[in-house]
Amino acid sequence: MFGIMLSGKEPAFAAVALASGRSVAASPLTLQFQDAPAPAPSAELKPLTDAIGALMNARQYDQALAQAEELLKLAQGKNDRGAQLFALSYKAFVFLRTQRYQESAAALQQLADFSRELNDTAFETEALLYRTIALWRFDPSASERLLDEVLHRAAREQRRPIAVGNACNSVAIEWFMLGEYAKALRCLERANALYTRYAPNTLEHAHTLNNLGAIASELGDYPAAQRYLEQAAALYEELAPNTTMLAIAVGLLGLLAQERGDLSMAMRYYDRALRLFEQLEPNSLNLATALNNISSAAMRMGDLSLARALLEQALAIEQALAPDSTQVADTLNNLGYVLQAQGNHKDAQAYYQRALALYEKHAPGSPRVASIINNLALLAWERKEIAQARDYFERARALLERAAPNSATHAIMLSNLGVIAMAQGEPNQAENYLQQSLALHERLAPNSLSHTTALCNLARVAFQQNELPKAQGLLEQAVAIIEAQRRALPDPETRTLFAERRFDAYPLLALISLRQGQTARAAEVLERGRARALAESLQQRRQTHASLPKPLQQILEERERLSIQRLRTAQTLQQAQLAKQDATPHAQALQRIDAQLRFLDQRLRQEFPRYAEQLQPQPLTLAQIQQSLDDGQALLYHAIVENQLIILALTRTRVQHAVRSIDAERLAREVRDFAEIAGKASASRTAPQRKELPVLGKRLYQQLIAPVAAMLRDAERILLCPDSALHHLPWAALIVAEQQGAPRYWIEQHALHLTPSMAVYRQARQVQPNARGAVIASVSRYGAPQELAQARTPIASLNRRASRSGRLENLDYVPVETDQIRRLFGAQSRVLRESEARPEAVRVAAQRARVVHFACHALADPTRPLDSALLLAPAGKETGMLTAAEVMARWRFQADLVMLSACETNVGLVRRYEGVYGLPRAFLYAGSRSVGASLWRVDDESTALLMQAFYRQYKQGVPKDKALQTAQQQMIRSSRYKDPYFWAGFMLIGDYR
């Protein structure tokens with residue numbers, strides 16, 4: 001079964017704030033019509049009336065009810081009809097808010113009757129409108145009949161029509177929160193008609209237009225929603241600039257832009273709304289709504305850590321101000337979705353159940369309930385509980401078909417049902433569901449990310465039915481939308497996270513292309529899905545330092561600085577979450593950085609549009625890929641599409657491919673086991689591991705290389721562009737065959753080098769390295785690593801050679817290695833030994849060097865790859881650490897080679913579509929044409945010998961990949977160092993020349 005894409009809204013529902021007509025001061029404009037005066041309490045009883053209102057706002061309902069009873073007695077004794085009206089109103093609303101619905105319905109009828117006695121039809125209409133809410137809880141038919149009658153009566157109001165419009169608007173919010181969107185829409189349409197006639201272009205009118213936009217958006221009528229919201233925002237800009245009402249309208253425009261697929265525009269709206277709420281209502285429920293909405297966009301862009309931190313911040317505000325509310329339920333549901341995406345199924349389930357309990361209490365049968373059930377279905381699916389998942393989806397669909405048919409949420413539900421049907425072997429039913437879903441997406445939100453999910457799911461059904469042209473056409477549409485969405489993202493890390501969530505369409509499209517004999521298209525698609533952010537960053541870095549106008553130069557330099565700062569801040573946020581610490585400050589810092597990046601991106605596009613286009617390189621064609629290869633060089637792409645392995649081999653003149661069925665999980669496990677065993681000294685391996693090593697070496701060669709080995713026979717060198725776990729495979733140690741009981745390794749046939757993508761490879765080849773000079777940073781004496789141990793807990797061993805103690809041992813062979821390299825380079829070399837090898841001194845010296853060699857300890861940090869570091873001087877101290885972040889931020893040089901002769905320098909965070917994050921990526925970014933790095937804790941003595949052999953060849957003009965191959969072959973032929981542990985861990989990344 002091929003990969004499928006189930007959908008929740010991301011998070012499942014973004015929060016919606018509606019504007020109440022009673023919460024904002026009246027319009028400052030002179031109205032063409034003024035309501036007649038409303039009944040009011042006497043001056044004597046007004047303080048008590050106001051005090052009860054304050055208790056109601058504070059949700060202190062028991063006290064409010066007691067004082068309302070007291071007010072009623074006093075008002076009756078004084079014959080204060082206005083105060084009696086307010087007392088009856090407060091009693092009715094206490095019953096409604098405390099879910100005493102039958103008592104509330106009776107009290108509201110009493111209020112309506114008393115209002116009629118006072119000849120105030122507006123108060124009577126408001127009481128009856130709220131009575132429909134109470135009745136709905138226990139007599140829905142009576143509620144429906146009364147709503148028809150009251151809305152018809154409201155149209156005839158002439159004495160206080162604006163008050164009736166306010167009442168219709170407020171009751172619409174009640175219906176909205178109950179998920180009764182059709183009823184909410186009817187109330188708002190009546191309010192809009194009243195305002196249009198009696199109070200056009202006022203704040204009251206703006207509130208109703210705003211709420212009409214929110215309802216239209218939920219019902220999937222996006223053109224109407226856009227029209228209403230733009231009208232409301234324009235009125236707020238004129239009548240109430242810099243108010244919470246404007247912020248609510250702007251936030252809703254952001255939600256609408258997000259649903260329609262314009263994430264860039266959505267984030268601009270969200271930024272503005274957030275700034276207004278932070279200024280006007282810090283730590284308010286409206287601010288929590290804004291945080292929820294930004295988290296939704298972050299989720300769609302793949303930034304799960306930021307989304308989670310924002311939601312946790314929102315939840316803290318909501319639980320303090322409105323516990324047990326549906327707003328809390330929305331945030332719990334969204335947090336569940338994020339935790340599920342992070343693989344934390346247990347906590348996700350708990351959040352969903354809490355959210356569901358709140359909604360079933362406050363708004364049973366609403367679309368929000370359907371949303372939570374949808375997410376429970378997704379969870380069941382991931383647990384392979386297919387029947388349970390289908391049951392959940394069917395329940396959710398039934399709710400939506402009643403409350404929000406033909407909405408965007410309904411479209412997602414249909415898509416999910418199609419996926420389930422496909423998994424259960426019902427392709428016709430699956431296609432039916434998915435076609436309905438696609439039709440809705442094309443009508444409601446064309447070119448949105450939800451649209452791409454529908455396209456990809458339908459493509460998979462077509463692929464399973466062997467309708468390859470149809471499947472390809474659908475995927476091509478999806479890829480075009482994904483590319484358009486990606487172009488709008490302002491920084492490399494956000495684009496990387498986006499790719500990790502959205503690029504699965506690319507290898508599937510490549511597979512379908514190959515099945516139709518379209519090898520060129522397959523190669524182009526695979527390349528397009530690899531290391532895009534790094535290639536773009538390299539291109540920007542190169543152009544940033546060209547001759548450019550000063551304003552443009554300043555924009556680019558600030559973008560680069562902020563992009564690196566964002567990477568570090570994002571990693572700090574993740575670390576805080578792992579440690580269960582408060583991540584709010586880091587999330588806020590990340591939001592500020594993102595807002596600055598979006599502002600700079602907008603400036604760049606507006607002021608320098610032609611240059612902005614140049615920062616995103618055009619996708620490479622097959623011809624360009626092949627032209628980038630040299631004679632005797634072959635390129636291998638590997639890609640895993642569920643349980644299919646694609647191997648694509650290219651030379652300057654030929655293309656060949658193989659597709660094999662595999663167990664993807666088993667392959668990943670075997671790659672991991674092979675690297676782990678090969679990375680141990682023979683004496684440290686168990687007996688089963690010693691037997692397993694050659695078995696795995698041969699099996700992996702047969703899976704990954706043998707299918708295209710015939711085409712590679714004449715290749716002198718192989719350029720590898722791996723996928724997923726294959727980035728950490730010691731390719732050189734793969735076993736081709738055994739001769740006389742001894743393994744014959746793949747490195748004995750071909751020189752090997754790696755690249756994250758051909759676009760990165762082409763960028764690396766454009767580096768014009770310094771003509772001569774070698775800088776050697778050499779640190780061998782460490783002593784006790786007390787300060788470093790206190791400064792951070794190492795993720796990986798800090799030892800260049802294996803050590804049971806985990807201490808920073810002295811490296812006795814580093815001085816030998818250093819002297820050997822220094823002698824080879826002679827007067828062209830500069831050695832920075834021990835205390836001289838401070839990070840800043842090495843950086844300055846490296847600017848004029850062709851070769852930069854590090855011989856020292858290293859720290860590999862797979863969870864925070866920018867903190868991976870070379871441990872320079874002062875030895876064993878925090879100030880002596882040269883981190884990947886420091887290299888990216890401050891190093892600018894033109895080297896032919898950076899050699900990281902230390903432990904695990906090619907270990908880091910692996911992103912499937914972007915490659916390995918760690919020290920090699922940092923040095924490529926900083927300007928090196930190639931980087932040599934290690935996969936495991938290398939042996940001190942053998943590393944010195946390997947480096948000596950490598951540089952002897954390199955100094956004679958031998959290409960770097962051949963120099964490394966020769967050095968590794970010499971180790972293989974020796975009796976002492978023939979085990980892969982001593983030589984197979986070193987890899988060359990970048991240009992081989």
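How many nonpolar, polar and charged residues does the lining of the second largest cavity have? The structure considered here is a predicted model, in which local features need pLDDT of at least 70 and side-chain atom pairs count only at pLDDT 80 or more, while totals for chains, interfaces and linings use all residues. Residues are numbered from 1 along each chain as its sequence is written, and side-chain values use heavy atoms, with hydrogens and water left out.

Cavities were defined on a 1 Å grid over the protein atoms alone, as sets of points where a 1.4 Å probe fits but cannot get out, with lining residues having an atom within 4 Å of a point; grid points were joined across faces, edges and corners, and a volume is the space filled by probe spheres set on the points. By this rule, 13 cavities of 30 Å³ or more were counted.

The second largest cavity holds about 180 Å³ of space, and its lining of 16 residues includes His727, Pro756, Asn906, Val916 and Ile989, which lie nearest its centre. Strand 16 (915-917) and helix 39 are the elements that give two or more residues to this lining, where helices (H or I, at least four residues) and strands (E, at least two) are DSSP runs numbered from the N terminus. By class, the lining of the second largest cavity has nine nonpolar, five polar and two charged residues, with Ala, Val, Leu, Ile, Met, Phe, Trp, Tyr, Cys and Pro counted as nonpolar, Asp, Glu, Lys and Arg as charged, and the others, Gly among them, as polar.

The largest cavity contains about 370 Å³ of space and is lined by 28 residues, with Pro492, Arg495, Ser537, Gln540 and Ser563 nearest its centre. Helix 26 gives the most to this lining, with six residues, and the lining comprises 13 nonpolar, five polar and ten charged residues.

Arg495, found in helix 23, counts as buried at 6% relative accessibility, buried meaning under 20% relative accessible area, exposed over 50% and partly exposed in between (1.4 Å probe, protein chains only). When residues up to four places away in sequence are not counted, Arg495 touches Arg486, Leu489, Pro490, Glu536 and Gln616, contact being heavy atoms within 4.5 Å.

No disulfides were found, the count being zero for pairs of cysteine sulfur atoms within 2.5 Å. The sulfur of Cys187 is too far for a bond because the closest cysteine sulfur, in Cys168, is 5.9 Å away. Cys187 is buried, at 0% relative accessibility, and Cys456 is also buried, with a relative accessible area of 2%.

Conventions. 1 Å grid on protein atoms, 1.4 Å probe; cavity = no way out; pocket = protein on both sides within 12 Å on 5 of 7 lines; lining within 4 Å.
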